[in-house]
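Here is a short briefing to read alongside the structure. Have the model open and follow along topic by topic.

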Amino acid sequence: NLLLAGRLAIVTGGGSGIGRAVCSIFAREGAKLAVVDLNKNSAEETVALLPQPSNHRAYSTNVALSAEVNSMVSQVQKDFGEVPSVAVHSAGIIKDSLFLHMKEQDFDDVIDVNLKGTFLVNQSLASVMSKANLPDCSIVNISSIIGKCGNIGQMNYAASKAGVIGMTKTAAKELAKYNIRVNAVLPGFIATPMTDQVPENIKQRIATMIPCKRMGTPEEIAEVCAFLASPRSSYMTGAAVEVTGGFNF
Ligand code: NAD
């Protein structure tokens, strides 16, 4: 009883961290993966790590550019000969600094990738999914608990991730009539290359603030994504699901 048997899934940010774990758990659950990342090598590396690499393909795409997103979505359909019915949008960046010192460019860059990227990826997917008349399509957007709570040094990031929640809830309302569900996952503090740079002593201090007393693993996020992507969550849309070990400031 695989959750995603035979389903074609697009995973952005699939070259690293949470996106890579999503690819591996979705493959375990029977999905065919279109692994999308700005970094082509890391997307190809993810494909090579999957059990049957020939079932999957890597794509190099900047999610902040509409032309690249649209051509990736149509190329995926050509390559697999079908419309994707599942997507996890995990591509994202941080450019941290205190509010009073934050550069306009760092604000724009984070909003471009995290917020506009979510708009472009969701719109492009919704456009092809809505025409395909499929019984259950599911889009999972990776937001962050920071989008609800804010965080020192992350004005740009918190704004982008709060925006992703608003987008997800709006998309859910507009797309339900096409059998497209749209949900957001709000991870807490997860051990990935994005959080690797955090000094060990700070990591330990944050861990003491988490009720579960540890960072999460990318697989613990990916398992929730698999549930939201599958028909087992058929009555869930517009949800913002916190996966934080109890951490919510
Ligand atoms: P990561 O840096 O390991 O992976 C992010 C991936 O996105 C990278 O492979 C990167 O190349 C890709 N990417 C960046 N910009 C892109 C672009 N413009 N177009 C296409 N791909 C692009 O980070 P992660 O920790 O796996 O983060 C994945 C998602 O989870 C992000 O949206 C992040 O904000 C979110 N998140 C992470 C944490 C955490 O603690 N790690 C917590 C909450 C939310």
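This is a predicted model: local features need pLDDT of at least 70, side-chain atom pairs count only at pLDDT 80 or more; totals for chains, interfaces and linings use all residues.

**Helix α2**
- The helix covers residues 40–49, and its buried members are Ser42, Ala43, Thr46 and Val47.
- Viewed down the axis of α2, the buried residues stay within an arc of 145°, so they line one face of the helix.
- Asn41 and Ala48 are exposed on the other side of α2.

**The nonpolar core**
- The largest nonpolar core has 67 residues, and those touching the most other members are Ala9, Val22, Phe26, Leu33, Val35 and Cys225.
- Val35 is worth a look for its partners: leaving aside residues up to four places away in sequence, Val35 touches Ala43, Thr46 and Val47, among others.

**Around the ligand**
- The ligand is surrounded by 30 residues, with Gly13, Ser16, Gly17, Gly92 and Thr192 the closest.
- Elements giving two or more residues to this shell are α1 (17–28), α4 (104–132) and α7 (193–196).
- By type, the shell holds 13 nonpolar residues, 16 polar ones and one charged residue.

**Overall fold**
- The protein has nine helices and seven strands.
- Its radius of gyration is 17 Å, close to the 18 Å given by the globule rule for 249 residues, so the protein is as compact as a globular protein of that length.
- The C-alpha trace spans about 50 × 35 × 35 Å along the principal axes.
- Buried residues account for 46% of the 249 residues.
- Of the contacts between residues at least 6 apart in sequence, 72% join residues at least 24 apart.

**Two backbone details**
- Asn133 is not a glycine, yet its phi is positive, at about 55°.
- Asn133 sits in the loop between α4 and β5 (137–142), and it counts as exposed because it has 10 C-beta neighbours inside 10 Å, where the limit for exposed is 12 or fewer.
- Phe249, also a residue other than glycine, has a positive phi near 55°.
- Phe249 lies in the segment after β7 (240–243), and with 11 C-beta neighbours inside 10 Å Phe249 counts as exposed.

Terms used: Residues are numbered from 1 along each chain as its sequence is written. Helices (H or I, at least four residues) and strands (E, at least two) are DSSP runs, numbered from the N terminus. The radius of gyration is taken over C-alpha atoms; the globule rule is 2.2 Å times the number of residues to the power 0.38. A residue is buried if 20 or more other C-beta atoms lie within 10 Å of its own, exposed if 12 or fewer, and partly exposed in between; C-beta atoms are placed from the backbone. Two residues are in contact if their C-beta atoms, placed from the backbone, lie within 7 Å. A residue is near a molecule or strand if its C-beta atom, placed from the backbone, lies within 6 Å of it. Ala, Val, Leu, Ile, Met, Phe, Trp, Tyr, Cys and Pro count as nonpolar, Asp, Glu, Lys and Arg as charged, and the others, Gly among them, as polar. The arc is that of the directions from the helix axis to the C-beta atoms. A nonpolar core is a set of buried Ala, Val, Leu, Ile, Met, Phe, Trp, Tyr and Cys residues joined through C-beta atoms within 7 Å.
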